Amino acid sequence: MRRGTVRTSDAPQHSTRTQVAIIGAGPAGLTLAHMLAGQGIDAVVLERQTEDHVRSRVRAGVIENSTVDVLTELGVADRLHREALVHNGFYIRLERTTHHLDFHRLSGRNAYVYGQAEIVADLIDGLRAVGREPVFRAEEVSLHDFDGTAPSVEYMLDGVRHRVDADVIAACDGFHGVGRATLAPYTETLERTYPFAWLGILARSTPVTEEGMYCAHPDGLSVHSMRGPQLSRQYLQVPADTRLTDFTDEQIWTELARRSAADDHPPLQTGEIIDRSLAPLRSVVTQPMQLGSLFLLGDAAHIVPPTGAKGLNLAVSDACVLSHALGAFYATGKREELDAYTARALPRIWQAQSFSWNLTSLLHKFSDDPFDWELRRARLLRWTSSLDEQRALGEIYLGLPFPTSWRFT
Ligand code: APR
Ligand code: PHB
C-alpha cells in the first residue's frame, strides 16, 4: 500500500537511493548520521531549515556522561572537551539560602554544560569532513510506503522535486515534524501538560553561581545556568499563555532577581539579553516508536519538560539504539533488532520521563495552596540534607547508561 499521495504532475525529477533516509538535522538526526557513517552504512539527512538557522537555535545544554562518551567515540567532541563547563552538581536555592548538591563527590561523575547549538555545529562540521553533507532547505518532505520494506521520501529543493529510495526512514524531525504526524494514526500518545512555560534568556552577564541553580520560590521557579564566564542562560516559570512580548527586559531581570534573592550570595548581575525563547512544558511519549520501515527518534517520539535538561540526551540514546539495530540488520540481514527498537528504547525514556516529571513537580509552583508549598519545601529540604536522596537524584541527573552501544560489532 502506498501511504501519502503524490500528484503525477509532481513526479520527482531526481531519484537517488540510500540505505537510511534521516529526516531532521537536530541532535537525533545528526548523531544517527555519524553512527551510521561509523558503521559504513549509507545515509542522507534531509533538513527543512537553513544551516544557519539550525546552528544558531539556542536550546538547553546539560550533557550526560553517556552522551559525552558517545560524542567522543564519534570523534566530534574535541571542542566540547576544550570548552564545556564541567560541573559537580547543581545548587538549590530555597528561602534565601543556597544549597549545593555535589553529585561528583558521591559518584565520581560530572555533568557537562555545553549548548545544544554547539553540539549541532560540531556534528554538522564532522559530517561535512567525511563527505556526508546534510541537505538543508528540503521542503515538503513526505514519507511513502513505510509500512513495507521499500520506503521512499520525497522533497522539494530549489523548486525541484526529489525522491530518495531507502531501506529505512529515521524520523528525527522533532515534535512538529512529518514523522510523528505520519505515524499518529497507528500509535498511542501518552501525555501530561503543565499550566506553565519557561521564558528563557541568553544574556551577556556573569552567571550568579559557578554551577547551575534552581530557585524554588513560592511565586514560581527561576533557573540560573550559563554558557561561559560572561554568558548566562536563565529561565523563569511563567503562565502557559504568556507571550514573549509580555515582558520587557527590565521586567525579566527584576523577576529573576526577586526569585533568586539570597542572604549568602551577592545579587544577580544583569546584562544585554541576546536571545529570548518561550517553551511550553509537556511530557509526551508516542508508542510504539515505529511502524514497518519508519522509526521515530528524539523529540519526534517523546518530549520531556526542560527541568533537568534530558531532551538532547534522550535523542542521542535513541540514535544509539537504532544505529545498533541497523548495524545488526546490515550485518545479518535479519530484522529482529529493528523490530525490538521500541522495546529497547522505551525503558530509559520512561526513566527520564519519571525524573523530569518529579523535578518539574517539585520545583514549580502549581497552585496557591500553602499545603502544596509546604510539601514541596519539605521534599526539597530533604534533598539538601540527605546524601541517600542526593545519590539517587545524581544517578539520573548525571545519566543512566545507554541501552546499547551504537555499534553492532
Ligand atoms: N522536514 C525536514 N526537517 C524537519 C521537518 C520536516 N518536515 N520538521 C522538522 N524538521 C527539522 C527541524 O528543523 C529540526 O532541525 O528536524 C529537526 C529536529 O530537531 P530537534 O527539534 O532539535 O529534535 P531532536 O533532534 O529530536 O533533538 C531533541 O532538541 O528540541 C530539543 O530540547 C530538545 O534537546 C532536545 C533535542
Ligand atoms: C540550560 O543550561 O539550558 C539548562 C539547565 C538546567 C535545566 C534546563 C536547561 O534544567
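1. Residues are numbered from 1 along each chain as its sequence is written, and chains are lettered from A and ligands numbered from 1 in the order in which they are written. Because the model is predicted, local features need pLDDT of at least 70 and side-chain atom pairs count only at pLDDT 80 or more, while totals for chains, interfaces and linings use all residues, and side-chain values use heavy atoms, with hydrogens and water left out.

2. The sheet is open and has 8 strands in the order β7-β6-β14-β15-β16-β13-β17-β20, with mixed pairing. Here helices (H or I, at least four residues) and strands (E, at least two) are DSSP runs numbered from the N terminus, and two strands pair if DSSP finds at least two bridges between them. Strands of a sheet pair through backbone hydrogen bonds, either parallel or antiparallel.

3. At the edges of this sheet stand β7 (97-102) and β20 (302-303), each with a single partner strand, so one side of each is left without a neighbour in the sheet. Strand β20 is joined by 2 bridges to β17 (residues 272-287), and the two run antiparallel, with V285 opposite H302 in β20.

4. Further into the strand order, β14 and β15 form a hairpin with 2 residues between them, and they run antiparallel, joined by 5 bridges. A second hairpin, again with 2 residues between its strands, is formed by β15 and β16, which pair in the antiparallel sense over 6 bridges. Residue V223 in β15 is the bridge partner of Y214, and V223 also stands opposite Y235 in β16.

5. Strand β16 pairs with β13 too, in the antiparallel sense over 8 bridges, and here W198 stands opposite Q237 in β16. Of the 9 residues of β16, 7 are buried, so this strand is largely enclosed by the rest of the structure; for β15, 8 of the 9 residues are buried, so β15 is likewise largely enclosed. Buried means under 20% relative accessible area, exposed over 50%, and partly exposed in between (1.4 Å probe, protein chains only).

6. Which helices pack at an angle of about 125°? They are α11 (residues 341-363) and α13 (residues 387-397), with their axes 10 Å apart, and they are therefore oblique to each other. Axes are lines fitted to C-alpha atoms, for helices over the stretch in contact, and angles run from 0 to 180 degrees between N-to-C directions; under 35 degrees counts as roughly parallel, over 145 as roughly antiparallel, 65 to 115 as roughly perpendicular and the rest as oblique. The contact (heavy atoms within 4.5 Å) is made by Q351, F355 and L359 of α11 and L393, I396 and Y397 of α13.

7. Helix α13 also packs against α12 (residues 370-385), at an angle of about 95° with the axes 6 Å apart, which makes α12 roughly perpendicular to α13. In this contact R379, R382, W383, T384 and S385 of α12 meet L387, E389, Q390 and L393 of α13.

8. A last point concerns R348, which lies in helix α11 and counts as buried at 8% relative accessibility. Leaving aside residues up to four places away in sequence, R348 touches E64, N313, L314, S317, G399, L400, P401, F402 and P403.
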